[in-house]
Protein chains: 2
Amino acid sequence: MYLRYPNGKQFDLKETVIKKAESTKSISYSNRGMTLESDLNITNQYYLENGIAVIHKKPTPVQIVNVDYQSRSTAVIKEAYFKQPSTTDYNGVYKGRYIDFEAKETQNSTSFPLKNFHEHQITHMRQVAAQKGISFVILRFSKTDDLFLLECHHLFTFWERMTAGGRKSITRKEIEQLGHAISIGLNPRIPYLYIVDQLFFKI
Amino acid sequence: MYLRYPNGKQFDLKETVIKKAESTKSISYSNRGMTLESDLNITNQYYLENGIAVIHKKPTPVQIVNVDYQSRSTAVIKEAYFKQPSTTDYNGVYKGRYIDFEAKETQNSTSFPLKNFHEHQITHMRQVAAQKGISFVILRFSKTDDLFLLECHHLFTFWERMTAGGRKSITRKEIEQLGHAISIGLNPRIPYLYIVDQLFFKI
């Protein structure tokens with residue numbers, strides 16, 4: 001299967017999948033259909049159960065309009081709408097410090113579109129950074145299952161480049177240079193606190 | 001109006017309301033019907049806008065069963081159920097530290113029933129404390145609008161007393177002795193970070 005990039009370069013998806021398969025022999029194929037979110041939930045569960053960190057995904061914000069109280073114990077929500085989150089999805093505590101991050105994935109191979117983030121999420125990350133919280137994004141290139149942790153101040157730079165009229169994405173090269181690759185493991189699946197240790201706890 | 005305590009002592013609610021009114025002259029009566037939750041949301045909004053802290057209430061967790069995608073842009077949730085929260089309601093960052101708390105109110109006057117908390121919330125607070133997060137509860141006696149901040153380790157003590165077969169509530173006297181009264185203000189309404197400063201930042 002061949003995809004053609006806007007720049008005209010051909011991309012052999014099949015070859016990439018084979019390469020990937022070779023490089024991640026230890027990972028069960030039953031995990032293939034799993035999303036970044038479920039991998040992070042498993043990871044956070046591992047951190048929680050092992051007393052390493054307490055980090056949870058926030059519930060999806062929903063505007064509830066109509067609830068049917070059929071009985072005293074059961075209430076059925078009959079009408080509700082998805083609300084745009086006002087914060088990032090994940091937060092919690094690690095070694096006393098506040099951890100806050102957003103996780104996003106793209107089907108693109110050469111760049112990460114900034115439309116994955118909302119203005120108010122960027123605002124939230126700025127507020128967290130101002131309070132000396134640890135704030136970052138976890139970016140996944142789904143085709144190759146490559147994961148990076150990018151500190152929020154780099155994201156702010158690219159966001160400002162966009163709002164100043166520049167490109168609407170971060171190039172993969174920029175992410176490789178400024179971000180930190182996360183090697184996928186078996187348990188925890190996405191050991192991002194290893195990177196947090198290196199960046200914020202200098203151990 | 002007179003209420004009788006279990007210990008036989010009479011309690012003059014009217015007198016208390018008058019006392020309360022005298023001591024909080026600056027508070028508008030239009031706020032009377034407001035709940036603890038909305039007061040805390042206003043407080044957290046004040047802290048956020050003034051760059052003091054970033055603390056949000058988590059969305060109510062909902063199990064979504066059926067969604068009607070009427071068009072590309074609008075999705076209506078047609079069937080969903082309330083899930084029991086696995087954490088406390090409020091968390092965020094203050095001066096780099098992780099803040100985590102639950103807020104509850106009671107109509108009782110002489111004790112605070114522990115049934116306001118769930119076992120897994122206590123577990124969550126223990127996990128947060130183990131990670132050196134700042135964890136507490138804000139307790140409100142609605143009849144008199146008295147508010148207290150009680151550090152989590154005191155709550156654990158009372159929880160253990162209950163599970164060991166003891167009383168299923170914390171007496172008001174215990175809360176007065178071990179907790180910290182929060183004086184209701186105009187802005188912020190519930191200045192709980194003032195207590196957090198005294199307890200955790202020794203300023």
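Predicted model: local features only at pLDDT ≥ 70, side-chain atom pairs only at ≥ 80, totals over all residues.
Local features need pLDDT of at least 70, side-chain atom pairs count only at pLDDT 80 or more, and totals for chains, interfaces and linings use all residues. Residues are numbered from 1 along each chain as its sequence is written, and side-chain values use heavy atoms, with hydrogens and water left out.

The size of an interface is often given as the accessible area lost when the parts come together. Here chain B and chain A bury about 2800 Å² between them (accessible area, 1.4 Å probe, lost on being put together and summed over both), and 66% of that area lies on carbon and sulfur atoms. On the chain B side, Ile77(B), Phe82(B) and Gln131(B) supply 22% of the area buried against chain A, more than any other three residues.

The contact (heavy atoms within 4.5 Å) takes 36 residues from chain B and 36 residues from chain A.

Several elements of chain B each supply at least two residues of the side that touches chain A, among them strand S5 (75–82) and helix H3 (119–130); both kinds of element are DSSP runs, helices being H or I of at least four residues and strands E of at least two, numbered from the N terminus. The largest share, eight residues, comes from S5(B).

S5(B) also meets its counterpart directly: strand S5 (residues 75–82) of chain A and S5(B) pair in the antiparallel sense over four bridges, where pairing requires that DSSP finds at least two bridges between the strands. In S5(B), Ala80(B) is the bridge partner of Ile77(A).

Definitions and conventions:
Chains lettered and ligands numbered in written order. Buried area = accessible area lost by both parts, 1.4 Å probe.
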